[in-house]
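Hi,

Here is the structure I promised to pass on. Have a look at it first, and my notes follow below.

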Amino acid sequence: MASLQTLHVEVNGQAQVRSVAPRQHLVDFIRNELGLKGSHLGCEHGVCGACTVEVNGRIVRGCLTLAVQAEGGKVRTIEGLSADGDVRDLQDAFVRNNALQCGFCTPGMVMAGKELLEAKPDATREEVREWMSGNYCRCTGYHAIVDAICETLAERAKNASSRPSEKVSA
């Protein structure tokens, strides 16, 4: 058995120092060591997206990322993202559009959707479909998920355009 390594990582704003096996996957660490069950294990090959978490501001597949790769970094799970309120509007849109049924894929979908909202705030419906194609859903057929994300994009664009622009004084 390989010796344990000390892992220093911030998860959802909380400093964690734990001993982990060098080959332990990040999603296993999050679920089993920290008790955060929002990220799911699906295919365990990085294909389905159910294990998606954020490491240092970018989404990763938790089943392909080793916990030790997050050393010194910041990890956010769906629990942290939800608690911060960063995606409340997206989560509400998922509910309004019935974009979640069994809920297994939902945390990964919301994590990927959040990254899309930030990276491509002017995304077209086709771009949303392409972006989200790395996450599998067996229940909704994707239309409702795409609808929810497009609704959130439109609402955020509307809110941004209705804000008065700040004048810079000379």
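Strands S3 and S4 make a hairpin with 2 residues between them, and Asn56 in the turn has a positive phi of about 50°. The two strands, S3 (residues 52-55) and S4 (residues 58-61), pair in the antiparallel sense over 4 bridges; Val60 in S4 is the bridge partner of Val53. Strands (E, at least two residues) and helices (H or I, at least four) are DSSP runs numbered from the N terminus, and two strands pair if DSSP finds at least two bridges between them.

A word on the source: this is a predicted model, where local features need pLDDT of at least 70 and side-chain atom pairs count only at pLDDT 80 or more, while totals for chains, interfaces and linings use all residues. Residues are numbered from 1 along each chain as its sequence is written, and side-chain values use heavy atoms, leaving out hydrogens and water.

Now the nonpolar cores, meaning sets of buried Ala, Val, Leu, Ile, Met, Phe, Trp, Tyr and Cys residues joined through side-chain atoms within 4.5 Å. The largest has 25 residues, of which Phe94, Val128, Ile145 and Ile149 touch the most other members. Helix H6 (143-162) is among the elements that give two or more residues to this core, and H6 provides the largest share, 7 residues. Another core, of 14 residues, lies apart from it and includes Val9 and Val53.

Finally, Lys114 is in helix H4. Lys114 counts as buried because its relative accessibility is 5% (buried is under 20% relative accessible area, exposed over 50%, partly exposed in between; 1.4 Å probe, protein chains only).

Best wishes
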